[in-house]
Amino acid sequence: MRELSLNVMDVAQNSVRANAQLVTIKVEESEKNHSLSISIQDDGCGMTEEQLQQVIDPFFTTRTTRKVGLGVPLFKMSAEQTGGDFEIKSEVGKGTLTKASYVTDHMDMTPLGDINSTMSILIRCNPDIDFVFIHSTDNGSFTLDTRELREVLQGVSLDTPDVVEWINEFLEEQTRLIYGGANN
Amino acid sequence: MNVKEFVQKLNLKVLTEGDMEREIKDCYIGDLLSWVMGRAPEDSAWLTVMGNINSIAVATLADVSCIVLTENASLDDDARKKAEMHDVTILSTEENSYNVAVKLSNLI
């Protein structure tokens, strides 16, 4: 993928298809350590050991429209081609954790891209699922937790235009703060 | 022109053999697999330096006639096995993608 945020979107959609109620997405960046790690954890239906082996095989897919599923294999490749790591753990009935770690000063590093848009779209398109988004850099971190938003909103749906706008502004403002203001 | 004739005319090395009688009608160059996946035309020769297992999946999905690993780019063992299993033809050359494409354009 041209941006890692697209990989996040893809894996998070797998969580949605696995009937997750809560999806936690963590993006941890450190310029000092030349590192980036992205994890996506869900409480969906999970996978058996056998399915887990199949999911990193590009010739496996649960979809019936084609015989190839490249979401996870390409995410894995994006991490490994920078000298980073990739792991995926799953338990039936408990959920799945997918984690990719990158060496960010490698020539083959794919840019993170517009992760805020990814989060905004995920929340807007899946208003019945809860998302926790944690983004950290050397300067600090912030958290967006839709369970907290729901408490304040008292029944107003997360895909309401005013709410979406608030989420977008919150993400933008917080991102500016953890990037030290200089990059935006 | 079919794959067999393409191999002979450009003096390519055959790494895995699929359907060598298959026609080559087009050509596509690209290394970003997710990009190539939706864009490489069917029945084309796909020129790339990516010789991993995901490339084989992309070749299957895009239904290209063959993969050409240019500049002697290496082919992983896993990828070779999958290519044999799925009848994907993989060719190899020391020339770069541009030169191969130029020669190919005179033949199709």
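In chain A, 64% of the contacts between residues at least 6 apart in sequence join residues at least 24 apart. The structure is a predicted model. Chain A holds six helices and six strands, and buried residues account for 33% of its 184 residues.

**Overall form of chain A**

- Along the sequence, the elements of chain A follow the pattern α-β-β-α-α-β-β-α-β-β-α-α.
- The radius of gyration of chain A is 17 Å, close to the 16 Å from the globule rule for 184 residues, so chain A is as compact as a globular protein of that length.
- Taken along the principal axes, the box filled by the C-alpha atoms of chain A is roughly 40 × 40 × 25 Å.

**The sheet of chain A**

- Six strands of chain A form an open sheet in the order β3-β4-β2-β1-β5-β6, and the pairing is mixed.
- β3 and β6 of chain A are the edge strands, each pairing on one side only.
- On average, neighbouring strands in this sheet are turned by 5 degrees against each other, direction ignored.
- β1(A) and β5(A) run parallel and are joined by seven bridges; within this pair, Glu28(A) stands opposite Ser136(A) of β5(A).
- Strand β3 (residues 85–91) and strand β4 (residues 95–103) of chain A run antiparallel, also with seven bridges between them.
- Phe86(A) has Ala100(A) in β4(A) as its bridge partner.
- The hairpin of β3(A) and β4(A) has three residues between the strands, and Gly93(A) in this hairpin takes a positive phi near 85 degrees.

**Helices against the sheet of chain A**

- Helix α1(A) packs on the sheet and touches β1, β2 (35–42) and β4 of chain A. The direction of α1(A) makes about 15 degrees with that of β2(A).
- Helix α4(A) lies across β1, β5 and β6 of chain A and runs at about 170 degrees to β5(A).
- The buried residues of α4 (residues 115–125) in chain A are Ile115(A), Thr118(A), Met119(A), Ser120(A), Leu122(A) and Ile123(A).
- Those buried residues of α4(A) pack against elements of chain A that include the helices α1, α5 (146–153) and α6 (161–178). The strands they pack against are β1 (22–30), β5 (130–137) and β6 (140–145) of chain A.

**The sheet of chain B**

- Chain B has an open sheet of five strands, ordered β1-β5-β4-β3-β2, with mixed pairing.
- β1 (13–16) and β2 (26–29) of chain B stand at the edges with a single partner strand each, so one side of each has no neighbour in the sheet.
- Strand β4 (residues 66–69) of chain B pairs with strand β5 (residues 90–92) of chain B in the parallel sense, over three bridges. Leu69(B) has Ser92(B) in β5(B) as its bridge partner.

**Nonpolar core**

- The largest nonpolar core has 62 residues, and those with the most contacts inside it are Val8(A), Ala45(B), Trp46(B), Ile67(B) and Val68(B).
- Helix α1 (residues 4–17) of chain A gives the largest share of this core, six residues.
- Neighbours within four places in sequence aside, Val8(A) is in contact with Ile25(A), Ile38(A), Ile40(A), Ile115(A) and Thr118(A).

**Contact between the chains**

- Chain A contributes 10 residues to the contact and chain B contributes 12 residues.
- On the side of chain A that touches chain B, eight residues are nonpolar, two are charged and none is polar.

**Loop residues with positive phi**

- Most residues other than glycine have a negative phi.
- Asn19(A), a residue other than glycine, has a positive phi near 60 degrees. Asn19(A) sits in the loop between α1 and β1 of chain A.
- Asn19(A) has 11 other C-beta atoms within 10 Å and is exposed, because a residue with 12 or fewer counts as such.
- In chain B, Asn72(B) has a positive phi near 55 degrees and lies in the loop between β4 and α4 (77–85) of chain B.
- Asn72(B) also counts as exposed, with 11 C-beta neighbours inside 10 Å.

How values were computed: Residues are numbered from 1 along each chain as its sequence is written. Chains are lettered from A and ligands numbered from 1 in the order in which they are written. This is a predicted model: local features need pLDDT of at least 70, side-chain atom pairs count only at pLDDT 80 or more; totals for chains, interfaces and linings use all residues. A nonpolar core is a set of buried Ala, Val, Leu, Ile, Met, Phe, Trp, Tyr and Cys residues joined through C-beta atoms within 7 Å. A residue is buried if 20 or more other C-beta atoms lie within 10 Å of its own, exposed if 12 or fewer, and partly exposed in between; C-beta atoms are placed from the backbone. Helices (H or I, at least four residues) and strands (E, at least two) are DSSP runs, numbered from the N terminus. Two residues are in contact if their C-beta atoms, placed from the backbone, lie within 7 Å. Ala, Val, Leu, Ile, Met, Phe, Trp, Tyr, Cys and Pro count as nonpolar, Asp, Glu, Lys and Arg as charged, and the others, Gly among them, as polar. Two strands pair if DSSP finds at least two bridges between them. The radius of gyration is taken over C-alpha atoms; the globule rule is 2.2 Å times the number of residues to the power 0.38. Axes are lines fitted to C-alpha atoms, for helices over the stretch in contact, and angles run from 0 to 180 degrees between N-to-C directions.
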